[in-house]
Amino acid sequence: MDTKEILKKVRKIEIKTRRLSDHIFSGEYHSSFKGRGMTFSEVRQYQYGDDVRAIDWNVTARYNEPYVKVFEEERELTMMLMVDISGSEFFGTTQQFKKDTITEIAATLAFSAIQNNDKVGLLLFSDEMELFIPPKKGKSHVLRIIRELIEFKPKSTKTSINEALKFLSSVMKKKAIVFVLSDFMDTHYEHTLKIVGRKHDVTGIRVFDKHDVSIPNLGMVPMLDAETGKTMLVNTASKNVRRSYEAYYKKSVDYFEKSFTHSGAGTISSRIDESYVKKLLGYFKHKGAR
């Protein structure tokens with residue numbers, strides 16, 4: 001894809017996702033995520049019912065009557081987008097790949113964040129760290145993130161959510177809003193997710209295709225494993241083959257839901273031929289109401 005084509009694609013995604021974030025998500029996003037801490041604002045005279053721990057003893061001594069410190073929520077937040085760019089994301093049986101839907105969701109979230117003057121960072125991963133863009137503010141920064149989501153070519157086709165979470169833990173020292181976008185066809189990450197979930201506000205967004213769920217009966221077909229690069233003949237007419245695949249798929253989905261729930265993290269699941277807008281909006285509304 002040449003530069004002109006990439007810029008055209010970036011612009012197309014910007015127009016679509018910015019409109020969504022401007023009109024729909026900004027208010028919901030703002031109310032869903034609390035500021036990262038309390039910052040000192042002013043002192044005022046003590047009133048009945050105030051927390052005695054908030055008394056400012058220096059000012060109290062100076063004026064000979066009790067004064068308390070007033071704090072307000074620090075609004076600025078940091079959002080980290082952790083995006084799986086392994087081989088299985090280049091799959092889709094409808095109008096687009098899982099990767100395309102993930103790019104649109106990530107762009108919508110990024111524009112929602114900058115609407116609130118928050119920082120956004122990007123972490124692209126396979127079974128290794130492919131790219132890390134530290135969090136920054138501003139539209140040009142978000143456009144760079146979209147460009148990387150569109151054109152970045154991973155070195156590996158495999159997946160390790162565990163390695164990605166470990167890397168996040170090592171680089172993000174302050175609390176962040178973390179969105180992990182993947183098809184979550186992976187396991188062995190629950191322990192690290194629990195550690196990350198203690199510090200950060202984590203949400204897993206699972207994007208999947210209808211044929212991820214089950215294999216149709218098409219007889220003997222050559223199938224490419226996108227993560228190993230190997231092609232093999234699979235007898236899709238066999239009930240046992242279809243059942244064992246469905247069991248494997250169900251196991252990875254159950255693991256995703258159980259791991260995120262046990263870690264106190266949120267989950268969203270969206271099929272690529274469904275409206276991710278409704279899914280995100282419903283999630284934000286529910287989160288903001290808690």
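The structure is a predicted model.

Helix α1 spans residues 3–32, and K8 is found in it. K8 belongs to a patch of positive charge on the surface, where it gathers with K4, K9 and K12. K8 counts as exposed because its relative accessibility is 58%, and exposed means over 50%.

Another lysine of helix α1 takes part in a salt bridge. The structure holds 18 salt bridges, and K16 forms one of them with E104, the closest N and O atoms being 3.0 Å apart. K16 lies in helix α1 and E104 in helix α3, so this pair ties together parts of the chain that are 88 residues apart in sequence. The two partners can also be described by their accessibility. K16 is partly exposed, at 38% relative accessibility, whereas E104 has a relative accessible area of 10% and is buried. The cut-off for buried is under 20% relative accessible area.

Helix α3 also supplies a lysine, K98, to a salt bridge with D212. Here the closest N and O atoms are 3.0 Å apart. The bridge links distant parts of the chain, since D212 is in helix α7 (residues 210–213), 114 residues away from K98. What is the accessibility of K98, and does K98 count as buried or exposed? K98 has a relative accessibility of 2%, so it counts as buried. D212 is buried as well, its relative accessible area being 6%.

K155 lies in the loop between α4 (139–151) and α5 (161–171), while E130 lies in strand β5 (residues 129–136), so the pair ties together parts that are 25 residues apart in sequence. K155 is exposed, with a relative accessible area of 62%. E130, in contrast, counts as buried at 7% relative accessibility.

Helix α6 covers residues 190–199, and E190, T192, L193 and V196 are buried in it. Why do the buried residues of α6 line one face of the helix? Seen down the axis of α6, they fall within an arc of 155°, so they line one face. H191 and R198 are exposed, and these two are on the other side of α6.

The loop that comes between β6 (177–182) and α6 contains F184. Phi of F184 is near 55°, which is a positive value in a residue other than glycine. F184 has a relative accessible area of 1%, so it is buried.

N117 is another residue other than glycine with a positive phi, in this case near 60°. Its place is the loop between α3 (98–115) and β4 (119–125). Is N117 buried or partly exposed? Its relative accessible area is 46%, so N117 is partly exposed.

M232 is found in strand β9, which runs over residues 231–235. At 46% relative accessibility, M232 counts as partly exposed. P222 is ten residues from M232 in sequence, and the C-alpha atoms of the two are 5.4 Å apart.

The other pair is made of Y276 and I205. Y276 lies in helix α9, which covers residues 276–289. With a relative accessible area of 7%, Y276 is buried. In sequence Y276 and I205 are 71 residues apart, and in space they are 9.9 Å apart, C-alpha to C-alpha.

How values were computed
Residues numbered from 1 in each chain as written. Predicted model: local features only at pLDDT ≥ 70, side-chain atom pairs only at ≥ 80, totals over all residues. Heavy atoms only, no water. Patch = residues over 30% accessible without salt bridge, like charges linked within 9 Å, V, L, I, M, F, W, Y side chains within 5 Å. Areas by Shrake-Rupley, 256 points an atom, 1.4 Å probe, with all protein chains shown as cover. Salt bridge = Lys/Arg side-chain N within 4 Å of Asp/Glu carboxyl O. Lys, Arg positive; Asp, Glu negative; His and termini not counted. Charge placed at Lys NZ, Arg CZ, Asp CG, Glu CD. Helix = DSSP H or I, 4+ residues; strand = E, 2+ residues; numbered from the N terminus. Buried < 20%, exposed > 50% of the residue type's maximum accessible area, 1.4 Å probe, protein only. Arc of directions from axis to C-beta.
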